[in-house]
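Subject: Structure handover

Hello,

Here is the structure I said I would pass on. My notes on what turned up in it follow below.

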Amino acid sequence: MIKRVSVCVASRSSAFFFYQSSLNLINYLLLLIDVARRKQFEKPLHGDKESLRFATPEPIARYRAQRLRCKILADISCGIGGQTVFFAQQCEFVYAVEIDPKKIEYAKQNCAMYGLDNVKFICGDALDPKVIEQIPAVDVIFSDPFRPAEESERHVSSLEPGIPNVLAAYGEKTRNFAFEAPPQMPPERIPFDCEKEYISLDGQLNRLTLYFGGLKQYDRMAVALPAGEGLVSKYGLSQVRETDKMKLNAYEPEPSVVAAGLLPELVESMMQMAGPLMGGFELFRVDNKRLLLTSDALIKQSMIKNHYLVLKICPFEPKEINKFLKGQNIGSVVLRAGVKPEEYWEVRNEVEKGLEGNKTVHLFVKNGTAILCEVIFND
């Protein structure tokens, strides 16, 4: 297996990880970022509407294939093969298992479309002994189990085939397992000794991968794609101090950072960038769904989804807010408040009425108080 190491790169704002290989480490970073930035499949996948909807996005499929690169990999519950394609590009040989005959035919077509002939397809239940005996010793087993479309609260017990069952059934094949799980599950709801890697794509929480055995390197990790940045858990960090007072600048963390519970690690990295003379970073909870970091220091950090300059704090009165924005070269407003659905467009139209500027403002509302934040570093 390929070993992971942490490397600090001066041109990046946070340490990221690489794999020891024949590639120069810097070149490997550029490669990883380059492949992650491709947002669509080079060739449209074959599959039915529902399968295509839930197929792994290409930047994540490419990234995951890079991380799990090995000689022989088994992809069980492979679906239409959206992830299998990229495993086959990185591995010498792949075993692809799928219980749905229709989906496995799509997977065959997709691999053929990419000119891949190093995949053996097995149609059957991944836990069926007759299926298991067709798979030899492998380096890695990846499982993307079935998940209910909707649950009031996500739990690993809802995955099918279940993680404990897969670990037991394939324990003689390898000790290195990776499972996809619902990203809405917080780390404390995952009762396994594994690494929890949360991935955000284009600023939205998208995937959670659990790594077992030799694949586990950390307790928790947050990854932001397509930027190709990561943040890992550390021990002994204090919780971020909370405040009800917004300062000069606000920072919206990548959702993968929040999901992974890595706000202390993020603040530590931001403090290192700002320096001790610039003051600290505090947690400002807008509501139950939204949180910001705030500081008088202005920095650019790659694990921040949006950087803001706080323009104004005032009562949430749409007409008055509109008057203020007309003098600030603002052209659009993103309403980030718990407004009733039937009132959303009425409020948004009121605050955007007559705006003709070229800047964007995000409007947060906390307990009836509006916080107007101008997006900066929007590149």
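A charge is taken to sit over a ring if NZ of Lys or CZ of Arg is within 6 Å of the ring centre and within 35 degrees of the ring normal. By that rule, the charged end of Lys312 sits over the ring of Phe324, 5.1 Å from its centre. A second case is Arg67, whose charged end sits over the ring of Tyr211 at 3.5 Å from the ring centre. Please keep in mind that this is a predicted model.

Overall figures

The protein chain has 379 residues, 52% of them buried. Its secondary structure comes to 11 helices and 18 strands. Of the contacts between residues at least 6 apart in sequence, 68% join residues at least 24 apart. The accessible surface is about 18100 Å², and carbon and sulfur atoms account for 49% of that.

Nonpolar cores

The largest nonpolar core has 49 residues, and Tyr170, Leu210 and Leu266 have the most contacts inside it. Helix H9 (residues 263–274) gives the most to this core, with five residues. Apart from this core lies another, of 23 residues, which includes Leu68, Val85, Phe87 and Val140.

What does Tyr170 touch, leaving aside its neighbours within four places in sequence? The contacts of Tyr170 are with Ile76, Ala126, Val131, Ile132, Ile135, Ile141 and Phe177.

Aromatic pairs

A search of the whole structure finds nine aromatic pairs. One of them is Tyr251 with Phe281, edge-to-face, at 5.7 Å centre to centre and 65° between the planes. This pair links distant parts of the chain: Tyr251 is in strand S12 (residues 249–253), while Phe281 is in the loop between H9 and strand S13 (282–285), 30 residues apart. Buried means under 20% relative accessible area, so Tyr251, at 1% relative accessibility, counts as buried. Phe281 also counts as buried, at 5% relative accessibility.

The rings of Tyr344 and Trp345 have their centres 5.1 Å apart and their planes at 90°, so this pair is edge-to-face too. Tyr344 counts as partly exposed at 23% relative accessibility, and Trp345 counts as exposed at 52%.

There is also a cluster: ring pairs link Phe177, Phe179, Phe192 and Phe212.

Helix H10

Which residues of H10 (residues 318–325) are buried? They are Ile321, Asn322 and Leu325. These residues cover an arc of only 105° around the axis, so they are on the same side of H10. An α-helix has 3.6 residues a turn, so residues three or four places apart point the same way. The face turned away from the buried side of H10 carries the exposed residues Lys319 and Lys323. The cover over the buried residues of H10 includes strands S15 (304–315), S16 (330–336), S17 (359–366) and S18 (369–376), as well as helix H11 (344–352).

Tyr235 is found in the loop between strand S11 (229–232) and S12. At 75% relative accessibility, Tyr235 counts as exposed. The C-alpha atoms of Tyr235 and Glu265 are separated by 9.4 Å, with the two residues 30 apart along the chain.

Regards

Definitions and conventions: Residues are numbered from 1 along each chain as its sequence is written. This is a predicted model: local features need pLDDT of at least 70, side-chain atom pairs count only at pLDDT 80 or more; totals for chains, interfaces and linings use all residues. Side-chain values use heavy atoms; hydrogens and water are left out. Buried means under 20% relative accessible area, exposed over 50%, partly exposed in between (1.4 Å probe, protein chains only). Helices (H or I, at least four residues) and strands (E, at least two) are DSSP runs, numbered from the N terminus. The arc is that of the directions from the helix axis to the C-beta atoms. Contact means heavy atoms within 4.5 Å. A nonpolar core is a set of buried Ala, Val, Leu, Ile, Met, Phe, Trp, Tyr and Cys residues joined through side-chain atoms within 4.5 Å. Accessible areas come from the Shrake-Rupley method with a 1.4 Å probe; for residues, only the protein chains shown count as cover. Rings of Phe, Tyr and Trp (its six-membered ring) pair if their centres lie within 6.5 Å; planes under 30 degrees apart count as stacked, over 60 as edge-to-face and the rest as tilted.
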